[in-house]
Amino acid sequence: MKVMIGIGCDRGVSLQTLQEALAQALVEGGLDASAVAGLASIDKKQDEHALLQLAQENAWPLHFYPAEALAQIPVPNPSPVVLKYMGTPAVAEAAALKAANTDMRHLLVEKYKYLGADGKNATVSIARMK
């Protein structure tokens, strides 16, 4: 089984925080890194250094989607705060579903929230690819 990882994060998040959030979300989903087919996030994160590094270190493709595209994807945990700041009610869940070309039935890990040692937040969602 292959999965797509959707990631949302605070600006300036550390690579370590993203790595730990992803590792814990994979454990929660009963998966390991070999199942990962790629990463996805909102296009506002195209310059997020730790996200680019995470994809590069693992040789995973990284997909970015505009808020308008993510906002059209139904998710189980929409957030008014994310909507206010990002223009879409979800980043991690919507990006994972869009990248996996699937719907909520294939969401293996919903919005896994992690607060890193750097004081930054990361959210990870995992969707099974069709």
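I call a residue buried when its relative accessible area is under 20%, exposed when it is over 50%, and partly exposed in between, with a 1.4 Å probe and protein chains only. The model is a predicted one, in which local features need pLDDT of at least 70 and side-chain atom pairs count only at pLDDT 80 or more, while totals for chains, interfaces and linings use all residues. Residues are numbered from 1 along each chain as its sequence is written, and side-chain values use heavy atoms, with hydrogens and water left out.

**Entry 1, the whole chain.** By the criterion above, I find that buried residues make up 47% of the 130 residues. I took helices (H or I, at least four residues) and strands (E, at least two) as DSSP runs numbered from the N terminus, and this gave five helices and five strands, running β-α-β-α-β-α-α-α-β-β from the N terminus on. The radius of gyration, taken over C-alpha atoms, is 13 Å, close to the 14 Å that the globule rule (2.2 Å times the number of residues to the power 0.38) gives for 130 residues, so the protein is as compact as a globular protein of that length.

Which residues of helix 2 are buried? In this helix, residues 49-58, I list Ala-50, Leu-51, Leu-54 and Ala-55. They lie on the same side of helix 2, because they cover an arc of only 135° around the axis, the arc being that of the directions from the helix axis to the C-beta atoms. The face turned away from that buried side carries the exposed residues His-49 and Gln-56. Taking contact as heavy atoms within 4.5 Å, I see the buried residues of helix 2 pack against strand 1 (3-9), helix 1 (15-28), strand 2 (36-42) and strand 3 (62-65). After helix 2 comes Ala-59, whose phi is positive, near 55°.

Strand 2 and strand 3 pair in the parallel sense over four bridges, and Ile-42 stands opposite Tyr-65 in strand 3.

Definitions and conventions
Two strands pair if DSSP finds at least two bridges between them.
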